[in-house]
Every structure is written in structure tokens, then in C-alpha cells.
Amino acid sequence: MKYRKKVDRFNSLMSYVLLCLAVGKGVGDLIIGRNGKPSLSVDFKNLYFSISHTQSLVATAISDSPIGIDIEENSNVTAELISMVSTNGEIRPLGNRPLALLWTAKEAMSKLVNEDYYSAPHTSLVINGEELIDESHPSIVLEYRTCSTHTFCLASLIREEISIEYVDKFQVIEFLKNI
């Protein structure tokens with residue numbers, strides 16, 4: 001992956017390390033395919049993954065079925081940006097949820113199906129209680145978490161049990177020593 005900023009190159013590398021940690025071993029080279037979607041040079045049966053990073057956080061999702069993940073700093077997603085990729089019907093029901101919820105949902109869906117789902121005509125996101133649903137693609141299951149600084153969304157074709165694991169620098173260093 002080609003990134004201009006050093007922090008982006010580092011976070012991309014950390015995404016790869018997290019993927020290796022999740023699998024428990026080295027996973028070979030990342031190959032960049034159509035629309036920038038990464039795949040592995042080594043075939044792991046029934047291993048699907050998605051990676052995302054911001055300036056300050058890195059996320060890696062793995063599953064035995066197709067999956068997409070996105071994480072974003074809430075302050076990076078402006079009303080102007082969201083108005084370019086969302087309809088008023090998608091924006092209005094957010095209430096006090098961060099605008100990044102729409103962005104991460106569209107990005108996670110794009111990664112899941114390897115297509116452009118940013119454009120408003122492709123999605124019809126609604127919130128029903130706490131559940132986020134795309135009425136245009138009801139087979140896509142969306143799970144999200146928000147906090148004061150970040151939002152992440154996971155898109156899959158089956159309801160996943162989300163397990164969030166925080167990895168510290170000591171776990172990364174120990175893993176790197178052993179590969």
C-alpha cells in the first residue's frame with residue numbers, strides 16, 4: 001500500500017501486524033486488488049479480513065465470511081462531507097450520534113462488497129432504535145460502536161459476534177520477536 005504520510009505507512013503496517021496476531025502467525029504478503037482491496041498471498045481457507053486505520057487507532061476484523069470494517073475519528077467527518085455522500089433521510093435520524101456513523105457504515109459496506117457505496121443512491125441508511133439498517137441492502141448486517149472520539153462500523157452478511165480486543169505495544173513486540 002502506498003501512503004504519503006509516515007503515520008499512515010506505520011498504521012498500515014500495524015493493521016498487518018494485528019491481522020497476524022489475530023491469526024496467530026505470519027500471513028504472507030498483502031496483495032492489493034481491484035478497488036484497493038487487500039488480499040493475502042497465502043491461502044487461508046475461510047479467512048476473510050478487513051483493515052482500517054486513522055491517525056490514532058488501527059482496526060482489523062477477521063471472520064469466516066466476507067467482512068468490512070471502518071474506523072474514523074469523529075472530528076474528521078464534517079457536515080459538508082456527509083452532505084456529499086448521504087441523503088437528508090439518512091442524516092436526519094442520527095440524533096446526537098456522530099456523523100462518522102454514516103461515513104463508517106458506507107465505507108464498511110464498500111469494503112464488504114468491494115464496490116463504491118459512498119454515493120447516496122446506493123444506500124438508504126436508517127436507524128431503528130440502536131440498530132443501523134441499509135434498506136437498499138437488507139442482507140448486509142451493520143454493527144457499530146461510537147465513543148467521544150471515534151466511530152467504527154462492521155459490515156457482514158451474517159450477524160457476527162463482535163469481540164473487541166485491545167493490543168498494546170508489548171504484545172506487538174512479543175509477537176514480532178517470535179515470527
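Is Glu143 buried or exposed? Glu143 counts as buried, at 17% relative accessibility; buried means under 20% relative accessible area, exposed over 50%, and partly exposed in between, with a 1.4 Å probe and protein chains only. The model is predicted: local features need pLDDT of at least 70, side-chain atom pairs count only at pLDDT 80 or more, and totals for chains, interfaces and linings use all residues. Residues are numbered from 1 along each chain as its sequence is written, and side-chain values use heavy atoms, with hydrogens and water left out.

Glu143 forms a salt bridge with Arg159. The closest N and O atoms are 2.6 Å apart. A salt bridge here is a side-chain nitrogen of Lys or Arg within 4 Å of a carboxyl oxygen of Asp or Glu. Arg159 is exposed, with a relative accessible area of 53%.

The whole structure holds eight salt bridges. Lys106 pairs with Glu90, with 3.2 Å between the closest N and O atoms. Lys106 lies in helix α4 and Glu90 in helix α3, so this pair ties together parts that are 16 residues apart in sequence. Helices are DSSP runs of H or I, at least four residues, and strands are runs of E, at least two, numbered from the N terminus. Lys106 is buried at 0% relative accessibility. Glu90 is buried too, at 2%.

Another salt bridge joins Glu130 and Arg97 at 3.1 Å, N to O. Glu130 is exposed, with a relative accessible area of 58%. Arg97 is buried at 18%. Asp70, Glu107 and Lys111 are linked in a network of salt bridges.
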